[in-house]
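Keep the sequence and the model side by side. The text below walks through the fold one region at a time.

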Amino acid sequence: MKEVLLVIDEDPSYSKRFCNQANKILGKKYNFLTFTNVKHMKKYADENKIEGVIASDSFIESLDDVKASSFYLLCETDKKLRKEGKKNYIYKLQNVKNILEIIEKDIDSKNKKSRNKDNEITRLFLYYSPTYIKGKLDVVKRIARIVSKKKKVLIVDLDEIDNYKGSIGLSNLIYSYKENIMTEEKISHEILTEKDVDIIKSVTYPEDYNVVNNIDLANIINEIMKLKYDFIFVNADSSYLKCQYILNDADAVVIIKEKEMSRIEKLKSYLKNENQIDLKKITIFDIGKIDKAYLSAFCKECFSDKE
């Protein structure tokens with residue numbers, strides 16, 4: 001999902017204007033949320049993963065209990081940019097775009113260090129169709145088998161009926177996540193291998209999805225990505241709302257096409273208007289053309305430069 005930054009200022013109108021501008025400028029990468037008091041901000045940060053807090057420096061003593069990776073404190077007197085641990089002091093009386101550039105640079109630097117430390121990058125591919133397509137999971141498995149000849153691939157299935165009454169799969173991870181006891185060991189326990197392809201099957205019962213929201217679901221996928229696979233393939237059902245934040249996180253979105261394109265074009269138009277993702281991430285897979293040659297050409301185009 002997009003990284004989340006929380007914004008608070010003594011003047012609520014400033015916070016609102018800042019968020020509006022920030023979401024227009026960096027809305028493809030981050031979600032900016034405004035708050036009017038620290039208590040509500042702390043509650044949100046306790047329940048969600050937060051990248052950073054952007055706040056007037058007058059709040060500095062109130063932010064110690066807020067869980068965030070970084071704090072960007074806006075001050076009106078000191079024009080010098082300085083860093084003290086997780087706290088970054090930025091001159092407030094400048095263009096919001098300049099402030100955002102400083103914040104974005106700091107976040108990118110931290111993420112780069114994290115990737116270098118892991119020495120591996122897992123790429124997330126979301127397979128989605130705005131309409132129900134029978135056998136879509138089988139198509140994802142066929143693609144995974146080709147790619148897995150050279151790379152490690154894990155499929156995560158989100159279709160709510162594919163694993164009906166199954167005892168192993170996503171339901172167990174959902175409850176581990178809600179209880180804050182999710183570990184790599186617990187995730188690995190839910191992985192099955194089917195014809196040389198690793199897969200985490202979907203929920204036991206469709207109503208298990210009611211336990212989590214779409215942000216939670218994206219967070220669970222991010223936890224799964226820590227297992228050091230080269231590719232995570234997420235097979236989504238036709239619910240856009242369910243996979244909304246996974247779509248934002250994905251390195252590529254493969255839209256499965258069966259016959260007509262009208263609903264797909266409407267989806268692309270919506271994503272463009274809402275500034276949701278870079279449309280260059282979208283690839284169309286025509287299930288009507290599927291054969292060995294088409295599959296091979298698709299995999300070569302999407303994965304050969306990463307092997």
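In the hairpin of β9 and β10, which residue takes a positive phi? K195 does, with a phi near 50°, and the hairpin has 2 residues between the strands. This is a predicted model, in which local features need pLDDT of at least 70 and side-chain atom pairs count only at pLDDT 80 or more, while totals for chains, interfaces and linings use all residues. Residues are numbered from 1 along each chain as its sequence is written, and side-chain values use heavy atoms, with hydrogens and water left out.

Start with the whole chain. It holds 10 helices and 13 strands. Both are DSSP runs numbered from the N terminus: helices are H or I with at least four residues, strands are E with at least two. The radius of gyration is 21 Å, close to the 19 Å of the globule rule for 307 residues, so the chain is as compact as a globular protein of that length. That radius is taken over C-alpha atoms, and the rule is 2.2 Å times the number of residues to the power 0.38. Along its principal axes the C-alpha trace spans about 65 × 40 × 35 Å. Of the 307 residues, 48% count as buried. Buried means under 20% relative accessible area, exposed over 50%, and partly exposed in between, with a 1.4 Å probe and protein chains only.

An open sheet of 6 strands runs in the order β2-β1-β3-β4-β6-β5, with mixed pairing. Its edge strands are β2 (30–35) and β5 (82–84), each pairing on one side only. Neighbouring strands are turned by 20° against each other on average, direction ignored. Two strands count as paired if DSSP finds at least two bridges between them. Strands β1 (residues 3–8) and β3 (residues 52–56) run parallel and share 4 bridges. L6 has V53 in β3 as its bridge partner. Helix α1 (residues 12–26) lies across β1, β2, β3 and β4 (70–75), at about 175° to β2. Such angles run from 0 to 180 degrees between N-to-C directions, and the axes are lines fitted to C-alpha atoms, for helices over the stretch in contact.

Strand β9 (residues 192–194) runs antiparallel to β10, joined by 3 bridges. On the β10 side, L192 finds its bridge partner in I199. I199 is also the bridge partner of I155. Here β8 and β10 pair in the parallel sense over 3 bridges. From β10, V197 and I199 point one way, D198 and I200 the other, and all are buried.

Is R145 buried, exposed or partly exposed? It is partly exposed, with a relative accessible area of 28%.

Next comes α5. Its buried residues are L170, S171, L173, I174, S176 and Y177. They pack against β8 (153–157), α6 (184–189), β10 (197–200) and α7. Helices α5 (residues 170–178) and α7 (residues 214–224) pack at about 100°, with axes 11 Å apart. They are therefore roughly perpendicular to each other, a label for angles of 65 to 115 degrees; under 35 is roughly parallel, over 145 roughly antiparallel, and the rest oblique. Among the residues of α5 that meet α7 are L173 and Y177. Just after α5, N180 takes a positive phi of about 60°.

Finally, look at β12 (residues 252–257). All 6 of its 6 residues are buried. A252, V254 and I256 point one way from the strand, and V253, I255 and K257 the other. Strand β7 (residues 123–128) runs parallel to β12, with 4 bridges, and F125 stands opposite A252. Strand β13 (residues 282–286) is also parallel to β12, with 5 bridges. There, I255 has I284 as its bridge partner.

Helix α8 (residues 240–249) packs against this strand too. In α8, 9 of the 10 residues are buried, so the helix is largely enclosed by the rest of the structure. Its buried residues also pack against β2, β7, α7, β11 (231–235) and α9 (262–273).

Methods
Contact means heavy atoms within 4.5 Å.
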